[in-house]
Amino acid sequence: MVRLPDVLPVLPLKNTVIFPYIILPLSVGREASLQAVDRALAEDRMILLVAQRNPMEDQPAPDGLHRLGTAALIMRMLKLPDGRIRILVQGVARARVEHFGQTKPFLQAKIQAVEEPEPSAAPLELEALVRAVKDNLERVVNQGKQISPEVMILATNLDEPGRLADLAASNLDLRGAEAQEILGTLDPFARLSRVHRLLAREVELLAMQQEISLQARGEMDRSQREYYLRQQLKAIHDELGEDSDVAAEIAEYRRLAVEKQMGPEALEELEKQARRLERSHPESAETAVIRTYLETLTGLPWATCSQDSLDLPRAREILDEDHFGLEKIKERIIELLAVRRLNPAKKGPILCFVGPPGVGKTSLGRSIARALGREFVGLSLGGVRDEAEIRGHRRTYVGAMPGRILQGISGAGTGNPVFMLDEIDKLGSDFRGDPSAALLEVLDPEQNTHFRDHYLGVAYDLSQVLFITTANLLEPIQPAFLDRMEVIRLSGYTLEEKCRIARRHLLPRQLAEHGLTRGQLRFTDAAIRRIITDYTKEAGLRNLEREIGAVCRQAAVEVAEGRPKRSPVTVDRVVERLGPRRHYSEELLDRDRQGVATGLAWTAAGGDLLFIEVLAVPGTGKLLLTGQLGDVMKESAQAALSFARGRGAGNGVGGDFFAAHDLHVHVPAGSIPKDGPSAGITIAAAIVSVLEQRAVDRRVAMTGELTLRGDVLPIGGLKEKVLAAKAAGIRSVVLPRLNQRDLAEIPEQLKAGVRFHLVETMDEALAVALR
């Protein structure tokens with residue numbers, strides 16, 4: 001043990017604890033401390049280094065100092081220009097202050113050297129602890145702790161636990177209280193255990209610090225790398241002249257997004273695709289796909305809607321100007337506008353116009369759009385089989401595009417057009433999906449507020465769109481689809497209505513299309529009637545317009561060749577231009593006959609006459625049916641025969657007649673398929689006519705379903721059938737009594753000249769039809 005002087009000058013330390021055998025530089029500036037250093041240098045260069053209890057105290061009293069310190073040797077001293085000195089000291093041994101003998105002008109104390117006891121642990125445990133401390137020192141150095149190589153070599157060669165503990169503690173960043181605690185722990189094993197715990201904590205702290213540093217450095221490196229690459233990319237684009245174009249394009253997309261008031265979901269998707277466009281090569285295929293998508297997204301009218309014109313008198317004027325007749329339908333449209341005027345927020349119904357071709361279903365939609373002041377969009381669904389036509393293609397496919405619904409709205413430029421879906425009864429379905437099922441979402445007001453097109457990928461509001469559908473038949477339409485629509489039926493036109501429509505609409509349009517004026521070509525009323533009756537047979541007006549166009553073409557040739565102006569188009573000129581008449585309905589009713597009854601049928605093209613022929617021939621009692629009859633019509637014929645047999649038994653026609661004869665029922669125009677239950681009473685009248693050998697009145701037409709009991713059940717399509725009867729010159733029509741409510745809706749001018757017989761039983765019908 002080193003022998004120390006009994007009295008040494010004292011140097012108080014603020015935040016430092018010196019351990020034995022440790023060399024450390026100190027800066028001395030306080031006056032008392034300078035004098036203490038001078039005294040030590042003047043004697044044996046020994047000085048007592050003691051830590052202050054309060055580092056903030058500038059002139060500590062003896063009570064402000066710890067009693068245990070370190071006796072140290074001043075190895076070097078350097079005076080600084082500002083009056084301070086720098087000294088290099090080496091700890092010699094622990095020393096305890098017995099008492100302070102002097103406080104002025106510097107502290108001086110009587111000390112006693114502290115002997116280090118023997119370790120309290122077993123040698124094996126002590127050796128394990130020494131190795132653990134050395135390993136931890138290696139770890140802290142490997143993790144970035146700044147410890148000089150000389151210290152590490154010294155620690156590796158040290159086997160004394162006390163000296164190893166002091167050496168390790170002096171190289172740790174310890175707080176003053178922790179360092180003083182280690183200095184005051186005299187048992188080498190306990191001191192080394194304490195240092196081991198501090199080293200373990202230091203290892204954990206350094207590991208965490210290293211992890212944080214690596215993470216921060218990684219983020220910094222990535223940011224710097226991205227910045228560097230972007231600068232390089234910018235320089236490349238500048239050289240190629242591309243950067244400004246792409247940036248301007250993306251800026252335009254973002255401007256359009258703000259201008260069109262896109263929703264949050266659409267804005268998020270636009271930003272995502274814009275960032276992809278920035279990173280993509282301008283000539284790559286992906287860039288073209290992204291650009292097309294962004295153009296589609298920003299081309300939609302997200303918040304752009306046309307202002308509705310809800311002037312009801314003006315709407316009536318437009319409807320009357322565009323269409324003649326159709327009063328019930330016009331009134332329904334006016335009701336729609338009135339409700340929208342009183343409650344703009346109410347979701348309107350989905351109108352479905354059902355009727356034969358050429359009666360004006362599509363043009364009604366255009367008139368509604370014109371009356372409302374909205375854009376009109378038309379979409380024909382005939383033959384559409386792919387669901388993607390409605391919902392669009394997913395962008396994973398080459399050539400993907402949005403569905404035709406969003407394409408139409410984008411083309412209209414407003415979010416509330418009048419959207420007409422034509423021919424919904426002709427939708428198909430196959431392995432690619434069912435378009436009618438996809439249309440359920442489009443036409444359902446509860447769902448179309450968030451319509452999601454597969455291509456667009458974001459929700460789009462269709463609730464402001466006024467959807468109108470058209471169909472020729474209701475039967476092919478799915479029930480769930482039909483349930484979402486309000487059906488409005490359009491029947492055919494009468495002869496008078498067709499004449500007036502030809503005058504008001506068809507003639508002016510055909511004259512304009514052929515470059516003619518009213519002075520160059522005029523039609524007489526008789527000529528128009530002849531075209532309607534002899535050259536057309538339809539519920540609508542398309543064939544009538546074609547025939548008028550044929551006459552106009554002949555007149556255009558004459559005008560172009562400079563021929564003399566001819567007189568107005570008369571009946572003779574119509575026959576000259578159009579040839580012999582093509583329809584002979586009235587000639588088929590030239591006289592009353594047995595076994596020939598006239599029925600009324602409904603077809604997709606409107607009403608038509610149906611002639612039922614029955615002939616009894618020798619046979620075995622069979623019923624022969626010809627004329628391409630459907631299953632329902634065959635069953636009606638069988639029911640009519642059963643009714644006739646029952647009636648014949650009461651009128652003297654016995655079973656021998658039926659056993660010896662076959663009844664052949666034929667419906668002319670055999671190449672045309674025919675079906676439906678409404679010919680039941682007509683077939684029965686023809687059969688009874690043969691059995692009772694009574695002629696059927698040729699001016700009586702019949703329609704109604706027959707039961708085995710002889711009751712007559714109601715039918716549909718009454719207006720179309722009455723139109724056909726009127727055109728053929730029928731004077732009497734036999735109807736089921738339950739159709740009286742439908743008869744009230746037929747215009748009076750159509751019923752004029754026709755007598756209607758409402759019957760409940762087949763006997764009542766026979767009383768009218770048979771002579």
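Leaving aside neighbours within four places in sequence, F353 is in contact (heavy atoms within 4.5 Å) with I329, K361, L364, G365, I368, M420, I468, T469, T470, A471, I488 and L490. A second, separate core of 50 residues includes L379, L381, V442 and L443. A nonpolar core is a set of buried Ala, Val, Leu, Ile, Met, Phe, Trp, Tyr and Cys residues joined through side-chain atoms within 4.5 Å. Buried means under 20% relative accessible area, exposed over 50%, and partly exposed in between, with a 1.4 Å probe and protein chains only. In the largest nonpolar core, which has 52 residues, F353, F523 and I548 touch the most other members.

This is a predicted model, in which local features need pLDDT of at least 70, side-chain atom pairs count only at pLDDT 80 or more, and totals for chains, interfaces and linings use all residues. Residues are numbered from 1 along each chain as its sequence is written, and side-chain values use heavy atoms, with hydrogens and water left out.

Values for the whole chain follow.

| Property of the chain | Value |
|---|---|
| Radius of gyration (over C-alpha atoms) | 54 Å |
| Box of C-alpha atoms along the principal axes | roughly 160 × 75 × 50 Å |
| Accessible surface (Shrake-Rupley method, 1.4 Å probe) | about 38800 Å² |

A compact globule of 771 residues would have a radius of gyration near 28 Å, by the rule of 2.2 Å times the number of residues to the power 0.38. Of the 771 residues, 46% count as buried. Among contacts between residues at least 6 apart in sequence, 73% join residues at least 24 apart.
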